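Student: I have a sequence and a structure to read. Can you walk me through it?

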Amino acid sequence: MPSLLEVKNVSVTFGAHKAVNNVALHADAGHITGLIGPNGAGKSTLFDVICGLRRPGSGSVTLDGSDITKLGPAQRARLGMARTFQGLELFGRLSVRDNLLVAAEMRHRGTAAARIVDGILDRVALGQYADRLADSLPTGVGRQVEVARALTTEPRIILLDEPAAGQDPEETARFADVLRDVVAGGVAVLLVEHDMELVMDVCDQVHVLDLGSIITSGTPEHVRSHSAVLEAYLGV
Ligand code: ADP
Ligand code: MG
């Protein structure tokens, strides 16, 4: 069976520099798929290609078997693709609930939107923060709210770019629980992350990118034992 998301032979060139070189990867419904690699490896560029912010020089992206390579970000969002960005982009002067409502109301009205928001706050255990202003939240909680906000659009896949940056270990552990709750509902998560402990803890599959190319893919155990990964992350 094809994966929910399939990236095939994707290349992106900036001038003479090949930032993404013939990359293939996939992400499955109900699974957390990691994408790791050193700074400059091409992770964010690949995310841009997957969510439609950048056209690849060659290759394709399919969602549930349909070729979406030529679609823009808004069309992909309507097909169920959601993305959070590096850095917080919540409305600081709105409450957590209102941040989610703004997003939910893009698809649903009034009481239906409110019901969806309350369901999500409950599902990711953020109810206690519902009435807090977003700019009063600790960084880690803000990240969780961003994921919760992405859920209000009822996505099939969520792309997360370094969500654990700026979180302390306790917040990261909570965040891992949130991700598990998300995929338990059948959503696919594609996670770009530098925190190896989080990646190895939550991911079902990990793809390793280096200098634009996938150097290995597999389970966390497989990837962890790969020599280039050891070198890049553990300095051995
Ligand atoms: P990562 O997210 O893994 O750190 P990026 O995708 O941001 O890597 O960058 C991959 C490579 O492409 C880097 O060498 C970076 O300098 C280059 N790059 C990224 N965006 C651009 C751009 N808009 N123009 C030129 N080069 C870019
Ligand atoms: Mg990046």
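Tutor: First, the ground rules. This is a predicted model: local features need pLDDT of at least 70, side-chain atom pairs count only at pLDDT 80 or more, and totals for chains, interfaces and linings use all residues. Residues are numbered from 1 along each chain as its sequence is written, while chains are lettered from A and ligands numbered from 1 in the order in which they are written.

Student: Which residues are around ligand 1?

Tutor: A residue is near a molecule if its C-beta atom, placed from the backbone, lies within 6 Å of it. Here the shell includes Phe14, Gly37, Lys43 and Thr45. Helix α1 (residues 43-51) gives the largest share, 3 residues. Helices are DSSP runs of H or I, at least four residues; strands are runs of E, at least two; both are numbered from the N terminus.

Student: Which domains does the protein chain have?

Tutor: Domain bounds come from an automatic or database domain assignment. Domain 1 covers 5-80 + 155-234, and domain 2 covers 92-153. Their C-alpha centres lie 24 Å apart.

Student: How many residues of domain 1 are in contact with domain 2?

Tutor: Contact means C-beta atoms, placed from the backbone, within 7 Å. 14 residues of domain 1 touch 11 residues of domain 2. On the domain 1 side, α6 gives the most, with 6 residues.

Student: What is the strand order in the open sheet?

Tutor: Strands of a sheet pair through backbone hydrogen bonds, either parallel or antiparallel. Two strands pair if DSSP finds at least two bridges between them. The order of these 4 strands is β2-β1-β4-β5, with antiparallel pairing. β2 (17-27) and β5 (66-67) are the edges. Between β1 (residues 5-14) and β2 there are 7 bridges. Glu6, for instance, has His26 in β2 as its bridge partner.

Conventions. Contact = placed C-beta atoms within 7 Å.
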